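Please read this briefing alongside the sequence and the 3D structure. The points are grouped by topic.

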Amino acid sequence: MASEPFGLDDPGPHRAMGDAEDARGVLRDLDYVRARFGHRLATPWWYKVMASVIVAALFTGAGMPYESISLGSFSTGAFLVVFAAVVGPVVLRELLKRSTGASFDRYNNGWTIPSVALIGLLVVCVSLQTFADIDLAPLVGAAVGFVFTYLYEQWTDRRLARGEFPAGKRARA
């Protein structure tokens, strides 16, 4: 009798039972490796703080200048918005890559419910400032955005530590 490829001489029913147990073992090993990799991708404390500061800077800059307090000008506000929307995230991602030794998109490079919620909060705060004359609404939004971002980053790290990674985008034909 000719030998099967890869040395599988007897692919009988007892072989299938061993294969199922082997497969379960491989899946357990894969879960372990995913969790270890997730722990490695967890962010240091400074990342959470800096991500939160970037969000707060966006809110603060979008509201400048403030009529009731002497804080900032239009040019300072524009600088903060550009920093928060363009420069800050790129620099922060590079620092995280150097810190963890790995780079990947923690948020699946797209609009997530938390990002839409933060943008909605920003629109509400700037609208309250502009149309309802609640001058400090963007500063309140900055505080809420800071806390929300910090907690969201902690939640993302807990998911990574469990081996739950953002789903990759599927290629479209």
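**Helix packing in a predicted model**

In helix α5, the residues A137, P138, G141, A142, G145, T149, Y152, E153, T156, D157 and L160 are buried, where buried means under 20% relative accessible area and exposed over 50%, with partly exposed in between, for a 1.4 Å probe and protein chains only. This is a predicted model, in which local features need pLDDT of at least 70 and side-chain atom pairs count only at pLDDT 80 or more, while totals for chains, interfaces and linings use all residues. Residues are numbered from 1 along each chain as its sequence is written, and side-chain values use heavy atoms, with hydrogens and water left out.

**Overall make-up**

- The protein chain holds 5 helices and 0 strands, and from the N terminus on its elements run α-α-α-α-α; helices (H or I, at least four residues) and strands (E, at least two) are DSSP runs, numbered from the N terminus.
- Of the 173 residues of the protein chain, 28% count as buried.
- Contact means heavy atoms within 4.5 Å, and among contacts in the protein chain between residues at least 6 apart in sequence, 74% join residues at least 24 apart.

**Helices α2 and α5 by themselves**

- Helix α2 has 19 residues and reaches 28 Å from its first C-alpha to its last, close to the 27 Å expected at 1.5 Å a residue, the expected span being 1.5 Å times one less than the number of residues.
- For the 25 residues of α5 the span should be 36 Å at 1.5 Å a residue, and the end C-alpha atoms of α5 are 36 Å apart, which agrees.
- The buried residues of α2 are Y47, K48, A51, S52, I54, V55, A56, A57, F59, T60, G61 and G63, and they pack against α3, α4 and α5.

**α2 against α5**

- Helix α2 (residues 45-63) and helix α5 (residues 137-161) pack at an angle of about 155°, with their axes 8 Å apart; axes are lines fitted to C-alpha atoms, for helices over the stretch in contact, and angles run from 0 to 180 degrees between N-to-C directions.
- That angle makes α2 roughly antiparallel to α5, given that angles under 35 degrees count as roughly parallel, over 145 as roughly antiparallel, 65 to 115 as roughly perpendicular and the rest as oblique.
- The crossing of α2 past α5 is right-handed; a crossing is left-handed if the near helix is turned anticlockwise from the far one by less than a right angle, and right-handed if clockwise.
- On the α2 side the contact includes Y47, K48, V49 and A51, and on the α5 side it includes P138, L139, G141 and A142.
- The residues of this contact of α2 with α5 divide into 12 nonpolar, 7 polar and 3 charged, where Ala, Val, Leu, Ile, Met, Phe, Trp, Tyr, Cys and Pro count as nonpolar, Asp, Glu, Lys and Arg as charged, and the others, Gly among them, as polar.

- The axes of α2 and α3 come within 7 Å and cross at roughly 170°, which makes α2 roughly antiparallel to α3.
- Helix α2 passes α3 in a left-handed crossing, and by class the contact of α2 with α3 has 16 nonpolar, 5 polar and no charged residues.
- With α4 (residues 113-131), α2 packs at an angle of about 25°, the axes being 10 Å apart, and α2 and α4 are therefore roughly parallel to each other.
- The residues V55, L58, F59, A62 and G63 of α2 meet L118, L121, L122, C125, V126 and Q129 of α4, and the residues of this contact divide into 9 nonpolar, 2 polar and no charged.

**F59 in helix α2**

- F59 lies in helix α2 and counts as buried at 1% relative accessibility.
- Leaving aside its neighbours within four places in sequence, F59 is in contact with Y66, L118, L121, L122, C125, P138, G141 and A142.
- The C-alpha atoms of F59 and F146, which are 87 residues apart along the chain, are separated by 9.5 Å.

**Backbone features outside the helices**

- Most residues other than glycine have a negative phi, and most peptide bonds are trans.
- A cis peptide bond, with omega about -5°, joins M64 and P65, and P65 has its place in the loop between α2 and α3 (74-100).
- D133, although not a glycine, has a positive phi of about 55°; D133 is placed in the loop between α4 and α5 and counts as exposed at 66% relative accessibility.
- Following α5 comes G163, whose phi is positive, near 85°.
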